[in-house]
Amino acid sequence: MTTTPVAKTGQAGRTAASLAWARRRHSVARFWKAYRSRRAGLYGLAALTLIALVALAAPWLVGPDVQSVTNAPGSALEKPSSEFPLGTDQFGRSLLDLLLWGARISLTVGLLAAALSVAIGTLVGIIAGHYGGWFSTVLMRITDWFLVMPTLVLAIVLATVMSRSVWTVIVAIGVTSWPTTARLVRAQTIAVESRPYIERAKALGGGHGHIMNRHVLPNVMPLVLAQTTLGISSAILTEATLAFLGLGDPSVVSWGGMLQDAREAGAVSSGHWWYLAPPGIAIAVVALAFTLCGRAIESVLNPKLGVAR
């Protein structure tokens with residue numbers, strides 16, 4: 001029995017797809033093996049996994065009425081006790097419950113803001129590095145303008161002129177913190193496009209879209225992944241700062257918002273340390289965990305960096 005050309009084509013396509021998936025699985029396994037040798041990265045990953053699980057389970061752990069002021073279970077500013085392990089706020093709400101609930105907003109804002117920032121930076125960097133010429137010069141001058149301007153100041157301006165919501169904070173952080181990614185991706189794009197296979201792809205008729213999507217983007221993705229992980233910690237810190245300054249969404253609970261409430265309640269001057277310490281420590285732990293993971297990923301993807309284990 002003879003095999004038809006259509007059947008041969010289908011078998012070849014399935015074989016190519018299976019080989020591609022096998023290479024991806026091998027790459028992931030090799031990456032994980034190298035990542036496991038970075039003890040600091042493992043500590044950061046363990047901390048992030050635990051915090052993410054707690055944030056996802058928060059609706060079941062604390063209940064939907066955690067933000068209620070009228071149904072607060074305790075009295076105002078109680079010290080830590082067996083009933084309230086972290087004490088209560090000025091309304092009598094459990095700080096432990098608020099801390100668990102606030103993890104959802106803080107992590108969500110950090111992830112989405114970092115993703116938006118890296119997406120903008122990657123797009124600008126690839127386009128500037130690929131096309132070059134006067135167009136690249138214009139994009140880089142715009143990037144330099146954003147780079148020299150304080151990110152926090154620009155974020156405060158945007159959060160002030162826009163409506164106060166979680167999405168406003170995400171947009172304010174994302175559109176002000178992309179220049180570093182853009183410059184890194186542009187440099188990597190220029191390095192990739194100097195390689196011989198790019199010249200062969202162009203000689204075979206590959207257009208701009210084909211070159212950027214099929215050749216440049218896969219080669220800059222490791223850099224983008226590492227930059228995203230590092231950017232999340234900065235986004236969480238910026239969100240906490242905006243909320244502390246009263247520019248966050250007052251209808252949601254976040255760690256920065258808890259610090260703002262503590263300041264308004266006079267916790268600093270009255271010595272109510274249990275009101276200030278939990279959200280501050282939570283912000284520091286999450287930022288440190290993402291930084292450890294980012295440095296570990298960076299050292300795995302680029303061993304020449306020599307990042308310590």
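Helices (H or I, at least four residues) and strands (E, at least two) are DSSP runs, numbered from the N terminus. What we are viewing is a predicted model, in which local features need pLDDT of at least 70 and side-chain atom pairs count only at pLDDT 80 or more, whereas totals for chains, interfaces and linings use all residues. Residues are numbered from 1 along each chain as its sequence is written, and side-chain values use heavy atoms, with hydrogens and water left out.

Let me start with the overall picture. The chain contains 12 helices and zero strands. Its C-alpha atoms fill a box of roughly 80 × 55 × 40 Å along the principal axes. Of the 309 residues, 39% are buried; buried means under 20% relative accessible area, exposed means over 50%, and partly exposed lies in between, with a 1.4 Å probe and protein chains only. Contact here means heavy atoms within 4.5 Å. Among contacts between residues at least 6 apart in sequence, 70% join residues at least 24 apart.

I turn now to helix packing. Two packed helices are described by the angle between their axes and the distance between the axes. The axes are lines fitted to C-alpha atoms, for helices over the stretch in contact, and the angles run from 0 to 180 degrees between N-to-C directions.

How do α7 and α9 cross? Their axes come within 10 Å and cross at roughly 135°. That angle makes α7 oblique to α9; angles under 35 degrees count as roughly parallel, over 145 as roughly antiparallel, 65 to 115 as roughly perpendicular, and the rest as oblique. The crossing of α7 and α9 is right-handed, a term used if the near helix is turned clockwise from the far one by less than a right angle, with anticlockwise giving left-handed. Among the residues of α7 that take part are Thr-181, Leu-184 and Gln-188, and the α9 side includes His-215, Asn-219 and Gln-227. The residues of this contact between α7 and α9 divide into eight nonpolar, seven polar and one charged. For that count, Ala, Val, Leu, Ile, Met, Phe, Trp, Tyr, Cys and Pro are nonpolar, Asp, Glu, Lys and Arg are charged, and the others, Gly among them, are polar.

Thr-181 lies in helix α7, residues 179-193, and counts as buried because its relative accessibility is 3%. Leaving aside residues up to four places away in sequence, Thr-181 touches Val-118, Gly-121, Thr-122 and Gln-227.

Helix α9, residues 208-244, also meets helix α5, residues 151-161, with axes that come within 11 Å and cross at roughly 50°. This makes α5 oblique to α9, and their crossing is right-handed. In this contact, Leu-152, Ala-155 and Ile-156 of α5 meet Thr-238, Thr-241 and Leu-242 of α9. These residues divide into four nonpolar, two polar and no charged.

Two leucines complete my account. Leu-116 belongs to helix α3 and, at 29% relative accessibility, counts as partly exposed. Leu-77 sits in the loop between α2 (39-62) and α3 (95-131). Most residues other than glycine have a negative phi. Leu-77, however, has a positive phi, near 55°.
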